[in-house]
Every structure is written in C-alpha cells, then in structure tokens.
Amino acid sequence: MEETKRGKVFFFANMTKANSDEVLESAQAIAREKGFECRTYASALEMFTDCASERPCCIITIGGDGTILQAISGAVNNGCPINTPIFGINLGKIGFFSETDIGGFAEALDRFCDGDYTIEEASQLRVRIESGEEFICLNDFLAFKNGFSSVSHIDVSVDGADMGIIHGDGIIFSSSTGSTGYSISAGGPVVAPNLDVILVTPVCPHSLTARPVVASFNSTIHVTVRSDCILYADGIQIMELPTGSSFTVCKAEQKIGFIRIGRRNVFRLIREKLA
C-alpha cells in the first residue's frame with residue numbers, strides 16, 4: 001500500500017443523526033482519495049487524547065452544533081487539551097460551527113489541502129465553584145431555576161460591581177461564540193467576530209430593568225444563587241446548586257480552532273439559519 005502523503009484525519013460522527021453512516025462513509029472515501037489516512041472514533045475523549053501523539057491534520061466532525069459542543073466539553077472537562085483544528089460537516093438544522101455539508105466537502109477539502117483556509121479561534125469560559133470544582137464551556141454556562149413553577153433568585157457582580165439580585169428563570173453566561181446560541185434567543189446581543197467578551201443574559205427576568213450585560217473578557221463575574229438552581233455547561237447538566245452556593249465565571253486560557261474556507265459572515269449566517 002502506498003504511503004500516505006497528506007497525513008491523518010480523525011473522524012467523529014453523531015451516529016444518531018439520519019444518514020450519518022452514509023455521510024461518514026462518503027466523507028472518508030473523499031479524504032482517502034485525496035491521500036489522507038482516516039481513523040474513526042466512537043469516543044470523543046479517546047479521539048482528542050490520541051491527537052497529542054498521533055498529530056492528525058484535523059478532526060472532521062459529522063453532525064450538528066450539539067455534536068461538536070458535546071465532543072469538546074467531554075474532552076476539556078476531563079483534562080484533555082484540544083490542539084487540533086476542527087472541520088465540521090453539518091447534519092443538523094443550524095450548523096454554526098460546521099464549515100460545509102457533504103455536498104461541498106470535496107471542494108472544501110481541496111482548498112484545505114492547498115492551504116486556502118484560515119483557523120478561527122473560539123474562546124472558552126471557565127466556572128470555578130466555591131467547593132473547588134472547575135468546568136469549561138465553549139458556548140455558555142446556564143444557572144437555571146430548579147423546578148418548572150419556581151423562580152430563580154441570582155445575585156451577580158461584575159469585577160466587584162453589584163448588578164443586584166436578578167429574579168426570573170435563570171441567567172446565561174456566554175462567550176462571544178455563544179452569543180448566537182441560547183443567549184440570542186433570550187434577547188442577548190450578537191457579538192461581532194474577533195471581539196472577546198462575556199455576556200450576562202437574564203432568562204425571562206421579572207423586571208424590565210434586568211437587561212443583558214456585555215463584560216470584558218478579562219472580567220471575573222461572581223454569582224451567588226439565593227434559591228436552588230441547576231448549573232449547565234453547553235446544555236449539559238453538570239451539578240445542582242443549593243441555595244447560598246457561589247461560583248465565578250471567567251475566561252479560559254485554551255481556545256478551540258475551527259477550519260474556515262473563505263470569508264465567514266456571521267450576520268449572514270444568522271439571517272439564513274435563524275430565519
């Protein structure tokens with residue numbers, strides 16, 4: 001067998017998606033035809049762990065935004081650094097993180113091989129619980145009420161400046177990347193590319209004065225829940241927060257790289273994908 005000329009690519013597919021097996025097979029055939037050695041993983045954590053020693057050119061994900069978020073979250077929150085860029089093939093409805101669908105993959109991979117691409121670095125956030133536990137997210141952390149009919153009461157301060165107690169369903173703490181996620185649905189702003197901030201977006205607040213806040217990415221946000229809440233990271237429940245629990249939100253040092261082919265217009269994507 002002829003020696004691989006272009007190196008390795010790792011594949012991670014969400015096999016619960018319709019036609020994911022056919023798309024995975026087609027994508028691998030395209031990559032092999034262009035000289036790549038292909039390896040498929042069922043475990044994202046195992047895949048990202050192998051990246052350190054195997055040094056693939058990129059990770060190709062097949063699925064929606066949730067597939068990428070869960071894969072990254074599972075790795076970084078188990079102490080696995082992600083130093084390999086991600087090339088997303090979209091099978092979901094939205095696909096903000098993905099770069100192409102299977103129909104455009106061959107052309108996109110050609111441009112990748114020719115060096116006609118950029119790496120978009122996405123910043124992450126870190127939560128530090130008063131008990132010492134830490135979690136990282138790419139999109140957002142959410143402190144949400146513990147019960148359908150209950151109300152959350154959450155005390156927030158930004159760099160020591162008290163925002164007061166916000167009453168409602170909860171509060172979203174999102175990165176710039178996460179501004180087009182849950183935060184935008186809750187009335188938060190869209191953050192322009194290359195601008196790192198932390199968004200604090202109340203969810204269904206009981207006061208018209210509780211408005212979204214844009215904080216510096218270097219800020220430290222201190223949070224104390226005055227009612228029982230649940231903490232989520234990128235949509236995954238990570239722990240319950242009993243009344244009186246405190247945590248801080250701040251930047252995480254590590255960034256995630258996404259392969260981009262051509263110029264990316266986030267405002268056009270919002271018009272097209274969220275119409």
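**Note on the predicted model: pocket, rings, cysteines**

1. Strand β5 contributes the most to the lining of the largest pocket, giving six residues. Strands here are DSSP runs of E with at least two residues, helices are runs of H or I with at least four residues, and both are numbered from the N terminus. The elements that supply two or more residues to this lining are α3 (65-76), β5 (118-129) and β16.

2. The model is predicted: local features need pLDDT of at least 70, side-chain atom pairs count only at pLDDT 80 or more, and totals for chains, interfaces and linings use all residues. Residues are numbered from 1 along each chain as its sequence is written, and side-chain values use heavy atoms, with hydrogens and water left out.

3. The largest pocket has a volume of about 910 Å³. A pocket is an open set of points on a 1 Å grid over the protein atoms alone, with protein on both sides within 12 Å along at least five of seven lines; lining residues have an atom within 4 Å of a point. Grid points are joined across faces, edges and corners, and the volume is the space filled by probe spheres set on the points; the probe is 1.4 Å.

4. The largest pocket is lined by 37 residues, of which Glu120, Thr177, Arg260, Arg264 and Val266 are the closest to its centre. By class, the lining holds 12 nonpolar, 15 polar and 10 charged residues. Nonpolar covers Ala, Val, Leu, Ile, Met, Phe, Trp, Tyr, Cys and Pro, charged covers Asp, Glu, Lys and Arg, and polar covers the others, Gly among them.

5. Rings of Phe, Tyr and Trp (its six-membered ring) pair if their centres lie within 6.5 Å; planes under 30 degrees apart are stacked, over 60 edge-to-face, and the rest tilted. The count by this rule is six aromatic pairs. One of them joins Phe87 and Phe105, edge-to-face at 5.8 Å centre to centre with 65° between the planes. Phe87 is in strand β4 (residues 86-90) and Phe105 in helix α4 (residues 102-113), 18 residues apart, and the pair links distant parts of the chain. Phe87 is buried (under 20% relative accessible area; exposed is over 50%, partly exposed in between, with a 1.4 Å probe and protein chains only), at 0%. Phe105 is likewise buried, at 0%.

6. The pair of Phe173 and Phe247 is edge-to-face, because the ring planes stand at 90°, with the centres 6.1 Å apart. Phe173 sits in strand β10 (residues 170-174) and Phe247 in strand β16 (residues 246-260), so this pair ties together parts 74 residues apart in sequence.

7. Phe87, Phe105, Phe112 and Tyr117 are linked into a cluster by ring pairs. Elsewhere, Lys145 lies over the face of Phe148, 5.8 Å from the ring centre; the criterion is NZ of Lys or CZ of Arg within 6 Å of the ring centre and within 35 degrees of the ring normal.

8. Zero disulfides (cysteine sulfur pairs within 2.5 Å) are found in the whole structure. Cys57 is in none, and its nearest cysteine sulfur, that of Cys58, is 6.4 Å away. Cys57 is partly exposed at 28%, whereas Cys58 is buried at 0%.

9. Ile256 is placed in strand β16 and is buried, at 0% relative accessibility. The C-alpha atoms of Ile256 and Pro85 are separated by 7.1 Å, although these residues are 171 apart along the chain.
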